[in-house]
Amino acid sequence: MLTKMGSLEGRSVLELEDESLSSPRMISIKTSSLDAAPRRYFCDVEEISCRCILRRAFNSIRIVLLSDKLNILVLCGPLAILVDKLTSHHGWVFLLSLLGIIPLAERLGWATEQLAFFTGPTVGGLLNATFGNATELIISMYALRSGMIRVVQQSLLGSILSNMLLVLGCAFFGGGIVHSNKEQVFDKANAVMNSGLLLMAVMGLLFPAVLHFTRTELHFGKSELALSRFSSCVMLAAYGAYLFFQLTSQKNMYSPINEGESQDDSNSDDEEAPQISKWESISWLSILTVWISVLSEYLVNAIEGASVAMNIPVAFISVILLPIVGNAAEHAGAVMFAVKDKLDISLGVAIGSSTQISMFGIPFCVVVGWIMGRPMDLNFQLFETATLFMTVLVVAFMLQEGTSNYFKGLMLLLCYLIVAASFFVHIDPKSIQDKPKKT
């Protein structure tokens, strides 16, 4: 009896197991339950993800475009395009394009700062200098394609002058006013190295101009162009070596020099956090760069008409007005960091941008012009070359002590006023003669 009960008990257990595994009813129940659960799960995830994506997109747009009152000038961009399509008022097209680029350049610098939270201080400083100069480079590419070589030369020269005198002067002046009870200090070695690179750039611009105006060329009109292209390749190689040196040997270049204040700086850095994610920063950098490119084309095409309509020399527009708009990001960033007593970062932005334009932007345009068949050279004429030479000397003397105050900033600003007044009364007969003849 016990054996029979054991066998019946064993069979009942096996039968129950078999029923649970092979019964059609149980299979249908399990299948339906398994099918139903994932459907509800994936549907919820899709709803949540769509809502999350939309919420993040609207939040990103709100932060980037609606968080600053200056961004209302973004509407000037579409207005410039509309005025260009409907009328022929080049002065209004130029003015509206100029106003429309100002907030875009500022937002470009802001997006670069957001990306710098994820890349570190050194790479972040280089990115800030690079994208801060993106506006000038985009304008230069459009002007070079249109054959306006003097506009390219003068706008790049104006960017260097604006960064070294206006941006750095405002940073020194603002930081000196806020911290009037002490002298602000910065890394003297990095400042001297950047000054040396700027003097090398002046050398590259000086020799072709001297060759041309002394008529000591081997082949007049050709030797200066060949020398410019050779010097541009050397300057690009030097700038590449400079970047390698920065990324390998100067890890703390964009960090404050005072180690005693490292704890305070770390506390202040902890309070700062990125407002958008890394991929949002990259996306906005792409969108803003494309929109700046569109407006730059309208801006360049309206320069000559605006010069006639507003009775302003083309040289003044190229050297003073265009760089002020393009340097909006550097201007705001350098002053902000100087007020926070982070003068090394201000120098990295202002002097770093000048170094990048002189050692990379100008030689790059010469090489691109070489590829495009445009005779872009380093002969910036005697007046412009002398202005750059004196500016580099003045800034080098200001940086040699490794300290700053509001009086040094005021002197740089007054020097910039002299430069601006000089270009307002300067007539450049070659400004409108560089357009290629139509065949």
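Me: Which residues is Leu168 in contact with, leaving aside its neighbours within four places in sequence?
Reply: They are Asn163, Leu347, Ala350, Ile351, Val395, Leu399 and Leu412, where contact means heavy atoms within 4.5 Å. The model is predicted: local features need pLDDT of at least 70, side-chain atom pairs count only at pLDDT 80 or more, and totals for chains, interfaces and linings use all residues. Residues are numbered from 1 along each chain as its sequence is written, and side-chain values use heavy atoms, with hydrogens and water left out.

Me: Which residues touch the most other members of the largest nonpolar core?
Reply: Phe94, Leu168, Leu388 and Leu399 do, in a core of 94 residues. Helix α7 gives the largest share, 15 residues. Such a core is a set of buried Ala, Val, Leu, Ile, Met, Phe, Trp, Tyr and Cys residues joined through side-chain atoms within 4.5 Å.

Me: What makes α7 roughly antiparallel to α15?
Reply: Helix α7 (residues 149-178) and helix α15 (residues 343-372) pack at about 170 degrees, with axes 10 Å apart. Angles under 35 degrees count as roughly parallel, over 145 as roughly antiparallel, 65 to 115 as roughly perpendicular and the rest as oblique. The angle runs from 0 to 180 degrees between N-to-C directions, and the axes are lines fitted to C-alpha atoms over the stretch in contact. Therefore α7 is roughly antiparallel to α15. Helices themselves are DSSP runs (H or I, at least four residues), numbered from the N terminus.

Me: Why is the aromatic pair of Phe316 and Phe424 called edge-to-face?
Reply: The centres are 5.2 Å apart and the planes stand at 85 degrees. Rings of Phe, Tyr and Trp (its six-membered ring) pair if their centres lie within 6.5 Å; planes under 30 degrees apart count as stacked, over 60 as edge-to-face and the rest as tilted. The 85 degrees is over 60, so the pair is edge-to-face.

Me: Is Phe316 buried or exposed?
Reply: Phe316 has 14% relative accessibility. Buried means under 20% relative accessible area, exposed over 50%, partly exposed in between (1.4 Å probe, protein chains only). Phe316 therefore counts as buried. Phe424, at 43%, is partly exposed.

Me: How do you know that Asn311 is exposed?
Reply: Its relative accessible area is 67%, which is over the limit for exposed. Asn311 sits in the loop between α12 (303-310) and α13 (314-326). Its phi is near 55 degrees, a positive value in a residue other than glycine.

Definitions and conventions: Helices (H or I, at least four residues) and strands (E, at least two) are DSSP runs, numbered from the N terminus.
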